[in-house]
Amino acid sequence: MPQQHKVVLVTGGSSGLGKAICEHLAAAGHTVYGTSRKALDQPSNYRFITMDLADEVSVQHAIHEVISTSGRIDVVVNNAGVGIQGATEDLLPEQATALFDTNVIGTHRVVRGVLPQMRRQGCGLIINITSLAANFGLPYRGFYSASKAALERYTETLSMEVKPFGIYALTLQPGEFNTNIGANRIRPAVIGDAYKAGYERAMELLGGSLHYSRDPVEVARLVERIMGTERPKTVYYAAHGKQRLAVFLKKLLPGRFFQRLMMKEYK
Ligand SMILES: NC(=O)c1ccc[n+]([C@@H]2O[C@H](COP(=O)([O-])OP(=O)(O)OC[C@H]3O[C@@H](n4cnc5c(N)ncnc54)[C@H](OP(=O)(O)O)[C@@H]3O)[C@@H](O)[C@H]2O)c1
């Protein structure tokens, strides 16, 4: 897509990566709609609309609002998402269902909502924010990895199905960024004795000062760059050093060996 003025919808625009994307794209002159489940004060150079990914009607209303106001929708950044932590056995099926309903099915609701308009336009760009965690099962965040891996495969298929209509679908995998995701994670109601020590060590590591330290504007700049690319790639990474290396090691190393490295990292 050539870099010019675009109408952009960013889900989860109230915080973290989504907020940085809204602010950055609006400053670059794009017409930006950011979503939140809450009614928020309107920023000066973009617009907040309410959308709950778990509610089909709310998703349809929000998309209708963008199209009826701006007449088109060029780019959707499916950014809204939620984290989860806990030993797999400790997490209830209802909690896993809620996670998938936001991270995977919620994204699908938005995709279904925007595709008819994009097909009418004969062009569009869908950027699904997944995670580096999609590449491996992270200890005590297995359902998060699973939801993001599901979104990766979903997008891979979608990408092939919508390409004939001039629409690009791709994923952007962030590493660790300084946002509110840690505070908002779904947590186990009861931490079983069997997993307590390992879980607490992993959470300590996760909350450590080296984690979640990168500036979300890095992701916003990458989104802008993708928007300016004629034929975008299928997957983009916003990760560096050890995290980025881990993606390649996962592909290269025997499974047990990679798991040993991962367990060592999580002590
Ligand atoms: N931060 C990282 O290190 C990192 C790494 C990899 C991937 N990611 C992914 O990046 C995305 C953004 O996360 P973040 O780190 O910026 O987290 P965040 O600061 O917690 O922001 C999450 C956003 O998602 C929205 N949201 C959550 N549940 C929603 C729902 N049911 N319906 C509509 N909106 C909902 C929130 O909006 P309201 O609460 O206002 O409704 C908020 O704007 C997520 O998909 C996350 O998995 C983050």
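## Salt bridges

A salt bridge here is a side-chain nitrogen of Lys or Arg within 4 Å of a carboxyl oxygen of Asp or Glu. A search of the whole structure turns up 9 of them. This is a predicted model, where local features need pLDDT of at least 70, side-chain atom pairs count only at pLDDT 80 or more, and totals for chains, interfaces and linings use all residues. Residues are numbered from 1 along each chain as its sequence is written, and side-chain values use heavy atoms, with hydrogens and water left out.

Let's start with R47 and E65, whose closest N and O atoms are 2.6 Å apart. Helices (H or I, at least four residues) and strands (E, at least two) are DSSP runs, numbered from the N terminus. R47 has a relative accessible area of 30% and E65 one of 28%, so both are partly exposed; buried means under 20%, exposed over 50%, and partly exposed in between (1.4 Å probe, protein chains only).

## Bridges within helices

In helix α4, R153 and E156 sit 3 residues apart, about one turn of the helix. Their salt bridge brings the closest N and O atoms to 2.6 Å, and E156 is partly exposed at 42%.

Helix α5 holds K196 and E200, 4 residues apart, again about one turn. Their side chains meet in a salt bridge at 3.1 Å, N to O. K196 is partly exposed at 35%, and E200 is partly exposed at 39%. Elsewhere, salt bridges that share partners join E56, D101 and R109 into one network.

## Aromatic rings

The structure holds 3 aromatic pairs. Rings of Phe, Tyr and Trp (its six-membered ring) pair if their centres lie within 6.5 Å; planes under 30 degrees apart count as stacked, over 60 as edge-to-face and the rest as tilted. One of the pairs is Y140 with Y199, edge-to-face at 6.0 Å centre to centre and 65° between the planes. Y140 lies in the loop between β5 (124-129) and α4 (142-162), while Y199 is in helix α5 (residues 196-207), 59 residues away. Y199 is buried at 7%, whereas Y140 is partly exposed at 22%.

Two arginines also lie over ring faces (CZ of Arg, or NZ of Lys, within 6 Å of the ring centre and within 35 degrees of the ring normal). R244 is 3.9 Å from the ring centre of Y237, and R119 is 5.9 Å from that of F165.
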